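Please study the sequence and the structure shown below. The exercises after them are to be worked in order.

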Amino acid sequence: MTVRKLRKKQRGPWCSYCEDKTRAVYRGCGFTKFSCSDHLEKLQEADLNMERQEGHLSEADYQTWAKWG
Ligand SMILES: [Zn+2]
């Protein structure tokens with residue numbers, strides 16, 4: 001699992017780490033966490049932790065993501 005940059009048409013979720021609402025630029029943790037460019041390191045860290053714990057992306061996560069399409 002990796003952190004990926006959102007395509008322009010995929011933008012919409014907020015950064016999971018900003019206190020103020022900031023548009024996310026990256027997504028990770030199987031589509032459950034997002035970050036702005038300032039919080040990319042935090043997202044990568046969370047993504048690595050999740051990868052160790054689960055190691056796969058669930059079907060539910062895919063469905064959640066599809067709603068934003
Ligand atoms: Zn942020």
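The structure is a predicted model, in which local features need pLDDT of at least 70, side-chain atom pairs count only at pLDDT 80 or more, and totals for chains, interfaces and linings use all residues. Residues are numbered from 1 along each chain as its sequence is written.

**Exercise 1.** Determine which secondary structure elements the protein chain contains and the order in which they run.

*Solution.* Helices (H or I, at least four residues) and strands (E, at least two) are DSSP runs, numbered from the N terminus. Under this rule the protein chain has 2 helices and 3 strands. Read from the N terminus, their order is β-β-β-α-α.

**Exercise 2.** Describe how the strands are arranged and where helix α1 lies.

*Solution.* Two strands pair if DSSP finds at least two bridges between them. The 3 strands form an open sheet with antiparallel pairing, in the order β1-β2-β3. Strand β2 (residues 26-28) is joined to β3 by 3 bridges in the antiparallel sense; Tyr26, for instance, has Ser35 in β3 as its bridge partner. Next comes the helix: α1 (residues 40-53) lies across β2 and β3 and runs at about 15° to β2. Such an angle is taken between N-to-C directions, from 0 to 180 degrees, with axes fitted to C-alpha atoms, for helices over the stretch in contact (contact: C-beta atoms, placed from the backbone, within 7 Å).

**Exercise 3.** Classify Phe31 and Thr32 as buried, partly exposed or exposed.

*Solution.* A residue is buried if 20 or more other C-beta atoms, placed from the backbone, lie within 10 Å of its own, exposed if 12 or fewer, and partly exposed in between. Phe31 belongs to the loop between β2 and β3. Because Phe31 has 21 C-beta neighbours inside 10 Å, it is buried. Thr32 is also found in the loop between β2 and β3. Thr32 has 18 other C-beta atoms within 10 Å and is therefore partly exposed. Across the protein chain, buried residues amount to 17% of the 69 residues.

**Exercise 4.** State which elements have the lowest and the highest mean pLDDT.

*Solution.* pLDDT is the predictor's confidence in each residue, from 0 to 100. The average for the protein chain is 81, and 72% of the residues score at least 70.

Conventions: Contact = placed C-beta atoms within 7 Å.
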